[in-house]
Amino acid sequence: MEGGGGAEGVTRVLLVDDSPVDRKVVELVLGSNTFAGSFHVIAVDSAKKAMEFLGLKDGKEQAVDMVLTDYCMPEMTGYDLLKAIKAMSPLKPIPVIVMSSENEPQRISRCLKAGAEDYIVKPLQSKDVPRLRSCSNAKPKEPPCITVSKNADHMAAVDGTTSLRRRAHLTDIAMVLHSSSAGLSHYFPFLFKFILLVYAILCVGELLHRWSNGCFLSYLR
């Protein structure tokens, strides 16, 4: 695992999630054309690996601009990782954003009291990215200076903004569909076996019904 290059305006995100699907969703959202070049994602699948990367075990601190962690993980939870990070450097702590598929007020309050900068409900969407930027230690890129001198230029700028919003919306839809299809694929073998079982039960029931009516014996003759 390697850290980001530290280029100006690039937010280095340490992504911590035991779900490969959720990690992929975050990487696709932050790496989409809308935010191209704005984020450098380092992904790990456990809180322990995150601690090793950050240097919480050997004292060699690894520079990142924020930690984006799942709440529910085996062995060590995202909440435990949050507390460890905040205890590591209390003077200038690394921003930590907690993600969870459950929107529980008690859980949200618990994380914020422990020092989390924000709490985001999964899956991550393009509309959540400004919240990540506001929590980051990275310096944002300077916006391009645009001088609007004509009405036509103004309309072109409005059209460009609308196009970006539509593209971001389509990206969100694609992420959700990708996540849903990947999750449902695990249930296809069980669904197929269930259908075969139901079919077998129906066939046995039909044979028993014919046997009770004497049709089965007449069929054998």
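Is Lys 122 buried or exposed? Lys 122 counts as buried, at 16% relative accessibility. Buried means under 20% relative accessible area, exposed over 50%, and partly exposed in between (1.4 Å probe, protein chains only).

This is a predicted model: local features need pLDDT of at least 70, side-chain atom pairs count only at pLDDT 80 or more, and totals for chains, interfaces and linings use all residues. Residues are numbered from 1 along each chain as its sequence is written, and side-chain values use heavy atoms, with hydrogens and water left out.

**View 1. Overall fold of the protein.** The protein holds 8 helices and 5 strands. Both are DSSP runs numbered from the N terminus: helices (H or I) have at least four residues, strands (E) at least two. The order from the N terminus is β-α-β-α-β-α-β-α-β-α-α-α-α. Of the 221 residues, 33% count as buried. Among contacts (heavy atoms within 4.5 Å) between residues at least 6 apart in sequence, 68% join residues at least 24 apart.

View 2. Asp 70 is found in strand E3, residues 66-70. An unreviewed UniProt entry annotates Asp 70 as "modified residue: 4-aspartylphosphate". UniProt positions follow the numbering used here, feature names are shortened, and annotations may be inferred rather than shown by experiment. Asp 70 counts as buried, at 6% relative accessibility. Leaving out residues up to four places away in sequence, Asp 70 touches Val 16, Asp 17, Asp 18, Gly 78, Met 99, Ser 100 and Lys 122.

**View 3. The Asp 70 to Lys 122 salt bridge.** A salt bridge puts a side-chain nitrogen of Lys or Arg within 4 Å of a carboxyl oxygen of Asp or Glu. In the pair of Asp 70 and Lys 122, the closest N and O atoms are 3.1 Å apart. Asp 70 lies in strand E3 and Lys 122 in the loop between strand E5 (118-121) and helix H5 (129-135), so the pair ties together parts that are 52 residues apart in sequence. A network of salt bridges links Asp 17, Asp 22, Asp 70 and Lys 122.

**View 4. Two further salt bridges.** The whole structure has 12 salt bridges. Lys 48 and Glu 75 meet through their side chains at 3.3 Å, N to O. Lys 48 lies in helix H2 and Glu 75 in the loop between E3 and H3, so this pair ties together parts 27 residues apart in sequence. Lys 48 is partly exposed at 39%; Glu 75 is exposed at 71%. Glu 102 pairs with Arg 107, with the closest N and O atoms 3.6 Å apart. Glu 102 is partly exposed at 35%, whereas Arg 107 is buried at 12%.

**View 5. The largest nonpolar core.** A nonpolar core is a set of buried Ala, Val, Leu, Ile, Met, Phe, Trp, Tyr and Cys residues joined through side-chain atoms within 4.5 Å. The largest has 24 residues; Leu 14, Val 16, Leu 54, Val 67, Leu 81, Val 98 and Cys 111 touch the most other members. Helix H2 gives the most to this core, with 5 residues. Contacts of Leu 81 include Val 16, Ala 47, Ala 50 and Met 51. A second, separate core of 17 residues includes Val 13, Val 29, Leu 30 and Ile 97.
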